[in-house]
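Here's a quick briefing to read with the model open beside you.

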Amino acid sequence: MAGYLFVHFIGEEKDGEQIYFSLSRDGLHWSDLNGGKPALYSGIGTCGVRDPFPIRSPLDGKIYLIATDLRIEAGKGWEAAQEQGSRSLIVWETEDLLHWSKERSCEVGTLQAGCVWAPEAVFDKEKNAFLVFFASKTKEDGEHEGKHRIYAAYTKNFRDFMETFLYMERKNHVIDTTILESCGRYYRISKDETEKRLILETSDSLMGTFTQIPSPTLAGLKGVEGPEGYLLPDGKTWCLIADRFQEGTGYLPMLTEDLDSGIFTILKPGQYDMGRTKKRHGGILRITDEEYERLGGGHAETVTS
C-alpha cells in the first residue's frame, strides 16, 4: 500500500453534503481531487450524503462506499433528521476507484429508528462477513425520550443485510463509532454525544466485552466527532483524526504507537495539511501505488454507471 484516499463531505452548503475525494502519500498531507468539487452525487433518498466510509472487500476485491442518507441543507433541521430521518444507508461500489456503480439505498434501520447515521464496517474473519454498524435514535419502553444507540447488521455484499441488532448502548447518547484492528485486538472509538468527547475501548473480539482505556488526550478534547484511525506508512504509528465540529476548524491528527496507552501526540498545524477544502466526517482507505497513480495524483475525475 502506497497511499491514502480520504472520502468526506464538506458541510451544509449547496453540494456540501455529497462525496469528496482527497489523496495523500503519507497520510498527513492531502490534495483535493476533482478540483475540490464532489466526486460522487446522491440523487436518491434525501439527495444528500454525509459521513462516507470506504472499505475494501477480501471476498470479491471490490471497494464499497457507504454513507448517511442526510441533507441538512434541505432545511428540515436536526430534530427532524434524528426523529423522522432516513432508515437507509447509501452504497456505491467500484473495482478501480474511477468507475463507480449507481448509488443504491439499503434499509438497515429498525422500525423504531429515527435515523441511520455514520455507518462504518469492519470485516469479521470469524463470520467471513462485514459487521456494518451505525447510530440510530430509538425510544425503548419506559423511556421518556429517545436515545442514540449503535446498531449493527452483517453483510457480504452491502446489498443483502442480515437482521439488525443492538450493538452498543451507553448511559449517554453515543454516535460516530469507528473500529481499528491491531495485533489481534479491536479498538473502538466512539463519540459521547452528550459530552461531545471521544471514548476509547478495547476487546479481543468484535462481539465481546469492550473495556474502556483511560485517555487523557481524548478527555481533554471537547467538541469533536467523526473519529477515524489508520496506520501511517511506517506500519507502526497510528494516526487518529477527529473533526473539530464545534470550533469549525476541521480535522485534527493525533499520533500514537500504542493504542493501549491512550496517549496521543497532537500534531501542530505545520506538521500536517488537510488540503484546501475543509473536511467533515469521512473515512480513509489505504490504496496501492497503481491506484494512487490511477487517481492522477489529485486530478482524476470519477465516473458513475
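Helices (H or I, at least four residues) and strands (E, at least two) are DSSP runs, numbered from the N terminus. This is a predicted model, so local features need pLDDT of at least 70 and side-chain atom pairs count only at pLDDT 80 or more, while totals for chains, interfaces and linings use all residues. Residues are numbered from 1 along each chain as its sequence is written, and side-chain values use heavy atoms, with hydrogens and water left out.

**Pockets**

- Rolling a probe the size of a water molecule over the atoms shows where empty space is left.
- On a 1 Å grid over the protein atoms alone, a pocket is an open set of points where a 1.4 Å probe fits, with protein on both sides within 12 Å along at least five of seven lines; a cavity is a set the probe cannot get out of, and lining residues have an atom within 4 Å of a point.
- Grid points are joined across faces, edges and corners, and a volume is the space filled by probe spheres set on the points.
- The largest pocket holds about 740 Å³ of space.
- It has 24 lining residues, and Phe-53, Ile-55, Val-122, Ile-179 and Glu-181 are the closest to its centre.
- Strand 4 (49–56), strand 9 (117–124), strand 13 (174–182), strand 17 (225–231) and strand 21 (280–287) each give at least two residues to the lining of the largest pocket.
- Sorted by class, that lining has 16 nonpolar, 2 polar and 6 charged residues (Ala, Val, Leu, Ile, Met, Phe, Trp, Tyr, Cys and Pro count as nonpolar, Asp, Glu, Lys and Arg as charged, and the others, Gly among them, as polar).
- The second largest pocket comes in at about 330 Å³.
- Its lining is made of 17 residues, with Arg-50, Trp-78, Trp-117, Lys-191 and Glu-225 nearest the centre.
- Strand 4, helix 1 (78–83), strand 13 and strand 21 are the elements that put two or more residues into the lining of the second largest pocket.
- By class, the lining of the second largest pocket has 6 nonpolar, 2 polar and 9 charged residues.

- An open sheet of 4 strands runs in the order 3-2-1-21, with antiparallel pairing (two strands pair if DSSP finds at least two bridges between them).
- Its edges are strand 3 (31–32) and strand 21, each pairing on one side only.
- Strand 1 (residues 3–9) and strand 21 are antiparallel and joined by 6 bridges; Tyr-4, for one, has Arg-286 of strand 21 as its bridge partner.
- Elsewhere, strand 6 (residues 88–94) pairs antiparallel with strand 8 over 4 bridges, and Val-91 sits opposite Arg-104 of strand 8.
- In a regular strand the side chains alternate between the two faces of the sheet.
- Strand 8 (residues 104–107) has Arg-104 and Cys-106 on a covered face, and Ser-105 and Glu-107 on an uncovered one.

**Aromatic rings**

- There are 11 aromatic pairs in the structure (rings of Phe, Tyr and Trp, its six-membered ring, pair if their centres lie within 6.5 Å; planes under 30 degrees apart count as stacked, over 60 as edge-to-face and the rest as tilted).
- Tyr-154 and Phe-165 count as stacked because their ring centres are 6.4 Å apart and their planes are at 25°.
- Tyr-154 belongs to strand 11 (residues 147–155) and Phe-165 to strand 12 (residues 165–168), so this pair ties together parts 11 residues apart in sequence.
- Tyr-154 is buried at 7% relative accessible area, while Phe-165 is partly exposed at 25% (buried means under 20%, exposed over 50%, partly exposed in between, with a 1.4 Å probe and protein chains only).
- Tyr-4, Phe-6, Trp-30, Tyr-230 and Tyr-251 are linked by ring pairs into a cluster.

- Thr-110 is in the loop between strand 8 and strand 9, and it counts as buried because its relative accessibility is 18%.
- Not counting residues up to four places away in sequence, Thr-110 touches Arg-87, Thr-138, Tyr-151 and Thr-164 (contact means heavy atoms within 4.5 Å).
- Glu-120 is in strand 9 and is buried, at 3% relative accessibility.
- Leaving aside neighbours within four places in sequence, the contacts of Glu-120 include Phe-53, Ile-66, Ile-179 and His-281.

**Positive phi**

- Most residues other than glycine have a negative phi, and most peptide bonds are trans.
- Asp-15 has a positive phi of about 65°; Asp-15 is in the loop between strand 1 and strand 2 (20–24) and is partly exposed at 30%.
- Cys-183 also has a positive phi, near 55°; Cys-183 lies in the loop between strand 13 and strand 14 (185–192) and is exposed at 81%.
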